[in-house]
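Hi there,

Here is the structure I promised to send over.

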Amino acid sequence: MSSDRSRTICSIDTGYCADTVEWCPCQDFESYLVCGTYQLIEKNGQENDHTASSCASDESIASGSMRVGNVQLYYFDETLGRLERIQTLNTGGILDTKWLPTFLAGCPVLGCVTSNGEVKIFVLKEKKLNETVNLFVSADNLCLSLDWSPEQEKSQVAVSDSAGQISLCQLGEGSSNLQQISQWRAHQYEAWITAFDAWNSAVVYSGGDDCLFRGWDIRTNCQKPTFTSKRHDMGVSSIQCNVKHEYIMATGSYDENIHVWDNRLMKQPLCSVHPGGGVWRIKWHPVHGNSMLTACMYEGFHLLNFTNGNGDQCLKTSVSYTEHASLAYGADWCLRYKHLTSLRLEECDDFKDVQSNNCYTDLVATCSFYDHSLNVWHVQV
C-alpha cells in the first residue's frame, strides 16, 4: 500500500464537482479523456456541492433549484506531462459517461446520462465532441449509469435511473438515431448501476439502493430476474465484468465491500475485500485483468491485485492513492500504455522516477467531487 508506487503527473480544477472520468479506448485516440461534472444550483443562484447520491431523491432538492453540469474533453500530452482542456459542453448534471469500445462510422462515440433523464450521444471528430442525438428515457427521473453492449454490431446501451428502472436503447447507423427498445422496473429504489455481461450480450446486470444485485436476460420481457443476490448490506453502486477472465465479475456497494463472483455460481462470491469508504466505481485492468482500480468515496482510490487460480481467489490492496481531498468518484485506466505491461521493469526507462528509481507501467485518471479535481498519475502495478 506504499504511496511511492504512484506518482501524480498533473492535476486540473474542473470548476463544477467532478464525478466521472473515462479515457477513450479507440486506437490512436487513447490520449483523449472526458470528465463529467454535476452541480446543484440553488434557487437563490448559489452553487451547492451535493453528491450525486444525495441528489437522486427529489425530496432533497428545493423547488426552483437546478442540477447542471458539463462534459469536458481533454488531451493528455505525455511529452509535457499535462492535460489540455479542448472543449466544455454544458448539459444537465452528468452522472455517468462511457465510450463505445469500438469506432462507429470511423469515429469514437461517447454516451452520457444526465440528471434530466436523458441519454446524450457524442461523436469525437476533428478533436471535438459533436452531439448527434439525445433521448429522454426517464424524463421525470435522473439517469444514473449506462453501459454499452459488448456486441459491436448492435451498439446497444443499457441505462439505469433513480426510479429503479433499466432502459435498453439502440443506436442507429451513423449514431444519428437512438431508440428505446424496452424498459423495466429492476429495483424498488434507485438503480445505481447497470452493466452488460462482457462475454454475453444477452445478459444485463443491475444494482440498486434496495441492496439487491440482479441479472436480466434481455431476450425476455425482463419481468423476472435470472438471479437476485442479497449479499450486500447496502446499496449496490458498481458492477463490472472482467474482459480477460470469462465468468469473473465484481460488485461494489455503500456497505464498503467488494465481492468477486463467478457468474455460473451466484450463491456466494468467490472472494471479498473491505477497502472501506463506499465503493462507487470498479475498473478491472483492461489488458490482463489481474488488478482492479477502485474509487471508494470516503477512502480514496485503491489498486487491488486479483489472484485467480487453483481454486484460490483473493483480492489484496497493492497501492492506495491519497492525493485527492474529497469524495472519490471517477477512475479509469488509460489504454495508451497497454504495451508496457509486457515489459520488464528495467526496460521501461522512460517511466522511471529518478529519485525513487520506481518504474510506472500504467497511466490512470481519477476525479473527486467537492474539490472538483481531475488527476492523471502513473502507477507501478
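Accessible areas here come from the Shrake-Rupley method with a 1.4 Å probe, and for residues only the protein chains shown count as cover. On that basis the chain exposes about 15600 Å², with carbon and sulfur atoms supplying 43% of it.

Please bear in mind that this is a predicted model: local features need pLDDT of at least 70, side-chain atom pairs count only at pLDDT 80 or more, and totals for chains, interfaces and linings use all residues. Residues are numbered from 1 along each chain as its sequence is written, and side-chain values use heavy atoms, leaving out hydrogens and water.

The chain has zero helices and 29 strands (strands are DSSP runs of E, at least two residues; helices are H or I, at least four; both numbered from the N terminus). Of its 381 residues, 59% count as buried, meaning under 20% relative accessible area.

One spot to look at is Ser 149, in the loop between strand 11 (143–148) and strand 12 (156–161). Ser 149 is buried, at 3% relative accessible area. Leaving aside neighbours within four places in sequence, Ser 149 is in contact (heavy atoms within 4.5 Å) with Gln 156, Phe 196 and Ser 201.

Best wishes

Terms used. Buried means under 20% relative accessible area, exposed over 50%, partly exposed in between (1.4 Å probe, protein chains only).
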